[in-house]
Amino acid sequence: MNTKNNKRRRESQEKTERAFVELLQSREIKEITVSDICKITGLNRSTFYANYIDIYDLAERVKERLEKDFSEEFADYDYYNERTGALKMFKHIKENQIFYKTYFKLCYDSAHQVSVYDVKRAELELGNKNIKYHIEFFRNGLNAIIKMWLASGCEESPEEMAEILSQEYKGR
């Protein structure tokens, strides 16, 4: 393949993904059609199908990209300083609300978590056989807090959210 085609293909994919994310802000995934995306992007259906199997394949690819972006952003996350680590996370969420709203909409099961968590540290500090329940409780609780905060338009500041998290997790 020549470079021009690769560039055009990437541009078509980016356009398609942007349109999909835009539609996700006002609709559920099952309400979005290939025709909707083609109308917004001005691309042909054949272009869509050259890049994706269907809407759910597109959703999976967008979700994978969002997970990769999140992992890269928090590759240097400071697990040992909850306050600065949480503050960084909440600042990132506030600055990228569409990113996180989209991610949560695309994760229709609980297997996907936004929150970062140091399992090894928890095992060292808590060291009990019920660690898996603690980890699940923490992750789901944090994700619920993030979703609630996003739904309110991030009314509280990132500093306030980091403090709320700190108070909830104090002494652990």
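Me: Which residue caps the N-terminal end of H4?
Reply: Helices here are DSSP runs of H or I of at least four residues, numbered from the N terminus. At the N-terminal end of H4, a side-chain oxygen lies 3.1 Å from the backbone nitrogen of Tyr-56. That is a polar contact (a pair of N or O atoms within 3.5 Å; within protein, one must be able to donate a hydrogen and the other to accept it, and residues adjacent in sequence count only if both atoms are side-chain atoms). The capping residue is Asp-54.

Me: What are the ground rules for these values?
Reply: The model is predicted: local features need pLDDT of at least 70, side-chain atom pairs count only at pLDDT 80 or more, and totals for chains, interfaces and linings use all residues. Residues are numbered from 1 along each chain as its sequence is written, and side-chain values use heavy atoms, with hydrogens and water left out.

Me: How far apart are the end C-alpha atoms of H4?
Reply: The expected span of a helix is 1.5 Å times one less than its number of residues. H4 has 19 residues, so it should span 27 Å. The model agrees, with its end C-alpha atoms separated by 27 Å.

Me: How many salt bridges does the structure hold?
Reply: Side chains of opposite charge can pair when their charged atoms come close. The rule asks for a side-chain nitrogen of Lys or Arg within 4 Å of a carboxyl oxygen of Asp or Glu. By that rule the number of salt bridges is seven.

Me: Which parts does the salt bridge between Glu-17 and Arg-65 tie together?
Reply: The side chains of Glu-17 and Arg-65 meet at 3.0 Å, N to O. Glu-17 lies in residues 3-24 and Arg-65 in residues 55-73, so the pair ties together parts that are 48 residues apart in sequence. Those parts are helices H1 and H4.

Me: Is Asp-57 buried or exposed?
Reply: Buried means under 20% relative accessible area, exposed over 50%, and partly exposed in between (1.4 Å probe, protein chains only). Arg-61, the salt-bridge partner of Asp-57 at 3.3 Å, N to O, is partly exposed at 33%. Asp-57 has a relative accessibility of 15% and counts as buried.

Me: What is the relative accessible area of Val-62?
Reply: Val-62 lies in helix H4. Leaving aside neighbours within four places in sequence, Val-62 is in contact (heavy atoms within 4.5 Å) with Glu-17, Phe-20, Val-21, Thr-102 and Leu-106. Val-62 is buried, and its relative accessible area is 0%.

Me: How many disulfides does the count come to?
Reply: A disulfide is a covalent bond between the sulfur atoms of two cysteines. The rule requires a pair of cysteine sulfur atoms within 2.5 Å. Cys-38 is buried at 11% and Cys-154 is buried at 2%. The disulfide count is zero.

Terms used
Helix = DSSP H or I, 4+ residues; strand = E, 2+ residues; numbered from the N terminus.
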